[in-house]
Amino acid sequence: MLQVSIYRYNPEQDSQPYMQDIQVDTGGKDLMVLDVLEMIKSQDTTVTYRRSCREGVCGSDGLNMNGKNGLACITPLSETVKNNKLVIRPLPGLPVIRDLIVDMTMFYTQYEKVQPYLQNDTPAPAIERLQSPEDRAKLDGLYECILCACCSTACPSFWWNPERFIGPSGLLQAYRFLADTRDTATTERLAQLDDPFSVFRCHGIQNCVNVCPKGLNPTRAIGHIRNMLLSRAT
Amino acid sequence: MVTSVTSFGRSGLSDWLLQRVSAVILLAYVVFITASVWGGVDFVTWKALFSQTWVRIFSLLAVLSLAAHAWIGMWAVLTDYLTERLMGTKGNVLRIGFQILCSLTIFVYVVWSIQILWSY
Ligand code: SF4
Ligand code: SF4
Ligand code: FES
């Protein structure tokens, strides 16, 4: 029997969040954490969480499992369970709406700030804007982000300043458009980032790199942004 | 763009660069002082060392680097932990109080260091 401890909070009924202990019979199988949650929900339908694709593509089931952020659907028990115990909490640092569901508004507001769409003020060509394979390769490791928020909610700088520090996820996307040779707004984008908070609250702790379920490296992208700012200003 | 009037250089980049440059200067100064006092030092050699103008200028540079480094570092810590977000309005009062205290302390140390360096 796996000992599962789940964070519960229903603001309509509970004055405070609490941890609920539940025993789950996994039948000795190495299930994914999401499977365990589904088993629990089939017993107690009030347990609430987000999920959709169940294969690490949609980014909706970012959770904190035994202290580490990740996607429940692609985290096998063998990777996270220690001493037969599994503690499941919502992503840290964001307001809890109910149980494992957090309010992502602050996360999306930061994402919105980096204008995550291609901007090009030159006349559109007849067919499409072409890119060389080398230029296209610069977007690898950036475009794959699924906005699961595992990284930003693992970042202490984002916990303390979620309104002012863009956070690893937003900055990875900022660099995705700075690195895009088809984008012509580079100067304006950089001008928006040169304050003491937006980029420079990153202290290179690398929690973001440590948790990203897609294996991306926001710290490296942040370093590239810093270098672009530096070469522009010196 | 997040505005901030209490950071050292107003721009995130200039603060970041200054933090790195001042760290290098401080490291160089620590190496220099350690090398100078290695194998013992007495009053005569210490006085001779600091009567040279370049040593005083280097020392002053180190003091100014320390001042900038300390302000940038303390400012980052204070705007992380003493905030309205974490402690309500009290955070603002505490933060501004500590910022004044820090800048005053740094100022006193800088002036005092200049006095020491040029009083030999
Ligand atoms: S490296 Fe930067 S963005 Fe990543 S967790 Fe650390 S402070 Fe946050
Ligand atoms: S960088 Fe990784 S952890 Fe962060 S939001 Fe994107 S996919 Fe999730
Ligand atoms: S359910 Fe879609 S990423 Fe886990």
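Trainee: Which residues does A:Ile88 touch, not counting residues up to four places away in sequence?

Mentor: A:Ile88 touches A:Val4, A:Ser5, A:Ile6, A:Tyr7, A:Met19, A:Val33, A:Leu37, A:Leu63, A:Asn64 and A:Leu100. Contact means heavy atoms within 4.5 Å. A caution before we go on: this is a predicted model, where local features need pLDDT of at least 70, side-chain atom pairs count only at pLDDT 80 or more, and totals for chains, interfaces and linings use all residues. Residues are numbered from 1 along each chain as its sequence is written, chains are lettered from A and ligands numbered from 1 in the order in which they are written, and side-chain values use heavy atoms, with hydrogens and water left out.

Trainee: Where is A:Ile88 placed? And is A:Ile88 buried or exposed?

Mentor: A:Ile88 is in strand β5 of chain A, residues 85-89. Helices (H or I, at least four residues) and strands (E, at least two) are DSSP runs, numbered from the N terminus. A:Ile88 has 0% relative accessibility, so it counts as buried. The cut-offs: buried is under 20% relative accessible area, exposed is over 50%, partly exposed is in between, with a 1.4 Å probe and protein chains only.

Trainee: How far is A:Ile88 from A:Leu34, C-alpha to C-alpha?

Mentor: They are 11 Å apart in space and 54 residues apart in sequence.

Trainee: Zoom out. How many helices and strands are in chain A?

Mentor: Chain A has nine helices and seven strands. Its C-alpha trace spans about 60 × 35 × 30 Å along the principal axes. Of its 234 residues, 48% count as buried. Among contacts with a separation of 6 or more, 64% join residues 24 or more positions apart.

Trainee: Now α6 of chain A. How many of its residues are buried?

Mentor: Twelve of its twelve, so α6(A) is mostly covered, going by the cut-off of under 20%. They include A:Gly167, A:Leu171, A:Arg176 and A:Leu178. The cover includes α3 (105-113), α5 (156-160), α7, α8 (207-211) and α9 of chain A.

Trainee: What about its length?

Mentor: α6(A), residues 167-178, reaches 16 Å from its first C-alpha to its last. That is close to the 16 Å expected at 1.5 Å a residue. The expected span is 1.5 Å times one less than the number of residues.

Trainee: How do α7 and α9 of chain A pack?

Mentor: The angle between α7(A), residues 186-193, and α9(A), residues 218-233, is about 105 degrees, with axes 10 Å apart. That makes the two roughly perpendicular. Axes are lines fitted to C-alpha atoms, for helices over the stretch in contact, and angles run from 0 to 180 degrees between N-to-C directions. Under 35 degrees counts as roughly parallel, over 145 as roughly antiparallel, 65 to 115 as roughly perpendicular, and the rest as oblique.

Trainee: Which residues make that contact?

Mentor: A:Thr186, A:Thr187, A:Leu190, A:Ala191 and A:Leu193 of α7(A), and A:Ile225, A:Met228, A:Leu229 and A:Arg232 of α9(A). They divide into six nonpolar, two polar and one charged. Ala, Val, Leu, Ile, Met, Phe, Trp, Tyr, Cys and Pro count as nonpolar, Asp, Glu, Lys and Arg as charged, and the others, Gly among them, as polar.

Trainee: What does A:Gln192 touch?

Mentor: A:Gln192 touches A:Ser198 and B:Met1, not counting residues up to four places away in sequence. A:Gln192 lies in α7 of chain A. It is partly exposed, at 43% relative accessible area.

Trainee: Over to chain B. What is the angle between α3 and α5 there?

Mentor: About 175 degrees, with axes 10 Å apart, for α3(B), residues 53-81, and α5(B), residues 89-117. That makes them roughly antiparallel. The contact divides into 15 nonpolar, five polar and two charged residues.

Trainee: And B:Asp15, buried or exposed?

Mentor: B:Asp15 is buried, at 5% relative accessible area. It sits in α1 of chain B, residues 12-37. Its contacts include B:Ser7, B:Arg10 and B:Ile72.

Trainee: Last topic, the ligands. Which residues come nearest to ligand 1?

Mentor: Of the 13 around it, A:Cys155, A:Cys202, A:Ile205, A:Gln206 and A:Cys208 come nearest. A residue is near a molecule if one of its heavy atoms lies within 4 Å of it. The shell has seven nonpolar, six polar and no charged residues.
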